Amino acid sequence: MDIRDSVPIPQPTGWPVVGNLSEIDPELPLRSLRNLAKTYGEIYSLTIFGKQRVVISSQRLLAELCDEKRFGKIVAASLAELRHGTHDGLFTAQNEEQNWHLAHRVLVPAFGPLNIAGMFDDMKDIASQLVLKLARYGPGYKMPVAEDFTRLTLDTLALCAMDYRFNSFYTDEQHPFISSMVNFLRLGDARSRRPTYLTPFYRADDAQFFKDIEYMRNLSQEIVDRRVEHPEEKKDLLNAMILGRDPKTRQSLSKGTIIDNMITFLIAGHETTSGLLSFLFYYLIKHPETIRKAQAEVDQVIGKQSIEAHHVNELPYVTACLRETLRLQPTAPAFTTHALKKEGEILGGKYFLGSDIPIVALLPEIHRDPTVYGDDADVFKPERMLDENFNKLPPGAWKPFGNGARGCIGRPFAWQEAMMVAAMLLQYFDFTADPNYELAIKQTLTIKPKDWFMYAKLREGWTATKVEQSLSGSVRSGGAGDPGTNAVKPLADGKPITVLYGSNSGTCEAFAQIIAADAATHGYKADVKTLDEATQHLPEKQPTVIITASYEGAPCDNAARFYDWLVSLKESDKVDATYAVFGCGHSDWKATFHKIPNSIDTILEAHGAQRLCQRGSADAAKGDMMSVFQTWEDEQFWPSVRKAFGGDDAAQPTGSGQTLEVTVTSRRASTLRADVSEAKVLACRTLTAPDVPEKRHIELQLPSDMTYRSGDYLAVLPVNPPESIHRVMVRFSLPWDAMLTFSSKSNTVLPTDAPISAHNLFAAYVELSQPATKRSVNMLIEASKDTSTKTELQTLLTTNFDAHITQKRISLLDLLEQFPIIDLPLGAFIASLISMRVRQYSISSSPLADPHKCTLTYSVLESASLAGKHHKHLGVASHYLSQLIPGDIVHVAVKPSHQAFHPPVDAEKTPVLMFAAGTGLAPFRSFVQERAAQIGAGRTLAPAYLYYGCRDPEKDLLYSSELERWEKMGAVKCYYAFSQAPEASNGFKHVDDVMREKKEELLGLWDAGARVFVCGSRGLGEAVREAVLEMASNRAESRGKRKTREEVEGWFDGVRNERFATDVFD
């Protein structure tokens, strides 16, 4: 092809001198490169300080780039800086350097199968140290995953490669070599991105950089000298380098080259493997069905034996898990090549690349290429990596170890180590982690999970002693488990009871805390856990209560592993537990209403567990879930517990909350919540006219390590309205600087370790606006000394409580103001409140616009209070957000949406249909903004259509100018329905009206593979569903295949959460 016929490579607009420097996040360059790939497509160019590089992100281009006759490795950027420490070692040598060829020929035999198998015992030695540490520390040990796996892999390499022990598991401090190595990598990366003229300002950093190099080389020199002076007959890498001869030239390696490669092995080898193991367990824990399958395979192959070398090759599913982990998170996330011909090369049939231009293969994007892996390329699915499927992958689809002759020479070593460690940990332990953790990446030369911890609990039948015996080979398969493995630990101050919950939104967790708080009045002490923490370990000989919901028919995030264990039980398996189940749900989701709690109840009973009482259930569609729950707790659960296990018969279910004592002082203090991070408000504005319900826009600066995808949620931890806080302070005659100190006889989520200001408590820790419950009204009756007040409250309880209290949203505070004569203790009031919950909002921006910022689009909920007072009913979170101004700090956390509720991966081929009303537009603004960025970068996308409903185009048509601009550039086609101005929308009042008018167009797009997304109220969701069912039914009939309503609904259920994704709200 003639160079003149080539096409320009897309490139962001740059600035003078610095070029595209501002496009790259210095903390996490990988995130920036991936976002640019999503924007510009399979190839783009960057110029920074005059140096150009090209980035590719598709399998087809990498397959071409892997042709070693046309392209070869080039050492550039941060790798070039590392040459100061490793010179022309195997990893940092240029292709033409003879020392690389010499060392490569000498060392290839050392990484042969027999030699690697011969290192198995040394590998197992170090792995056993980690296993025993976890077994002895017990399930309370908060394992710093990346750090402990780094200790493991560094010690393994040092022992296997050069018979040197760092003994990292026997000291609290890491070996100085690790500190020097980390500094070396960090500073090398920083130096690579620093312009030369700034060097004088970084003299201290540069001095540290070379000091660390000196330490690593001196230690390596000592190890070499010791081996030369005291030779050993070992087939390790050090002997291979000292004694080996190049089969071609008969040359030996110089001492400098030996040291270069020793440091290379220790750095490159341990970093990548520790990252692989860290990501592996992250994905296994996040997907409990995969860890169950992996453990089942390990149990079948290894059983109770001590792992041996041949076992490594007999674990196909574990192998697939490792492959899939490296697909999603290649720990060396890129490699760089260049054209070998001086005149350059044409890539992809149209892009010219000069021989001096580095070409970066961006593996995390290449490994997600939808043309190879499909629309679920972001999903962890080990089955796609089983041998049969793995062997069918096209060239360039999976390259975590690099390519060709310059690929990772230590791949067999790393693979054996990772397989062995994974199998050993799965054999002995069950693992859990914080279900709220969202993967964050830490990047140096490689990538690892950032700030991620997990907990290891010995599996049934194992004790620390038995593990030690197994590792030494003295425990054989077929051994029975320990009797009493599930024995209950004695708890002080009451009989033990376990409260297990599965909760996404926080409701079930709040109910669990209520039972825990009430336990003391019944003579019990509660242990509150997530359901996942009880996987395979339901307590025996004590009551266990399970409170959980369903999430679109699936278990909650922190109940998935427990549920997967239950459904995988064999018919003969028995569960020795005494339990009760309470389920939460919303009856609008008829097909999956209470599916998970019902299933748990049924399975437990089928496997021999004893049910304490009838299953309880609450329906969010009917309002007062709290009263329903408390009624079940008081009338069924606790009486059943006392009957089966004893307890305090004098306990009063309507008790006045006196398990909580409060001391009021006058010192200030504050307590911060730890489950969220700080974001800064950058901008906020009103989107609607004054005479319609207010809708607002807020823009936030996210923490540097917080990432999101289009379609995700932002969870906001709100603060109660100031007037609500003031009402409490006045009602209980608290001074403005009142401090509260808590001591509790039962479980409480309130801060008990230090005083907290009353203002802070009522602002941030408890819900003040939740409707009063029957229990709280009973508490008021008990506290009242006035007969007429008691009678009036009793009437409220017995005469349509739902209509008078729940539907009017009358809070406990409202009732206390209505009946000022009631002298309710402050402790009783606080104990009756549930803890403050986060509220989730759909993010309305795309990270392709700016990965460090996100926006929310929300309705401000404000209406007259139905309590009959002058107070207003305010939405806690929306009011809080509406009062923020630029510069304010808000506590947030990104929460992933359902996997199906994201833009299609293959945007070029998959049409998009979006249906929304009101602030349901939020996620679709994100979708369209993302498409606009991609089109602006020169990509051609499949069509996208937005069907949007609101009142009036002049009053509440959100983001009208943006949508108009995006429509002109081809990012979206908009159809509107204005309920109060139908003349402006061709007579259409509602979205489903427009759908029926455009049915032929919609059916054509569906046939073309369109993905459908719906966001808005339940009413909108149902209207869109009905229109779709009607169109499907009419089409079937027109084709002579008439279908019943049940058949059409069955078809619809089959495409939900695959091609038809909904996100509806009240």
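How many aromatic pairs does a search of the whole structure find?

## Aromatic pairs

The search finds 42 of them, counting rings of Phe, Tyr and Trp (its six-membered ring) whose centres lie within 6.5 Å. Tyr-282 and Tyr-283 form an edge-to-face pair, because their ring centres are 5.2 Å apart and their planes meet at 70° (over 60 degrees is edge-to-face, under 30 stacked, the rest tilted). Tyr-282 and Tyr-283 are both buried, meaning under 20% relative accessible area with a 1.4 Å probe and protein chains only.

This is a predicted model, where local features need pLDDT of at least 70, side-chain atom pairs count only at pLDDT 80 or more, and totals for chains, interfaces and linings use all residues. Residues are numbered from 1 along each chain as its sequence is written, and side-chain values use heavy atoms, leaving out hydrogens and water.

With centres 6.2 Å apart and planes at 35°, the rings of Phe-629 and Trp-632 make a tilted pair.

## Charges over rings

Arg-323 sits over the face of Phe-390, 4.0 Å from the ring centre. Likewise, Arg-327 lies over the face of Tyr-373, at 4.7 Å from the ring centre. The criterion is NZ of Lys or CZ of Arg within 6 Å of the ring centre and within 35 degrees of the ring normal.

Definitions and conventions
Buried < 20%, exposed > 50% of the residue type's maximum accessible area, 1.4 Å probe, protein only.
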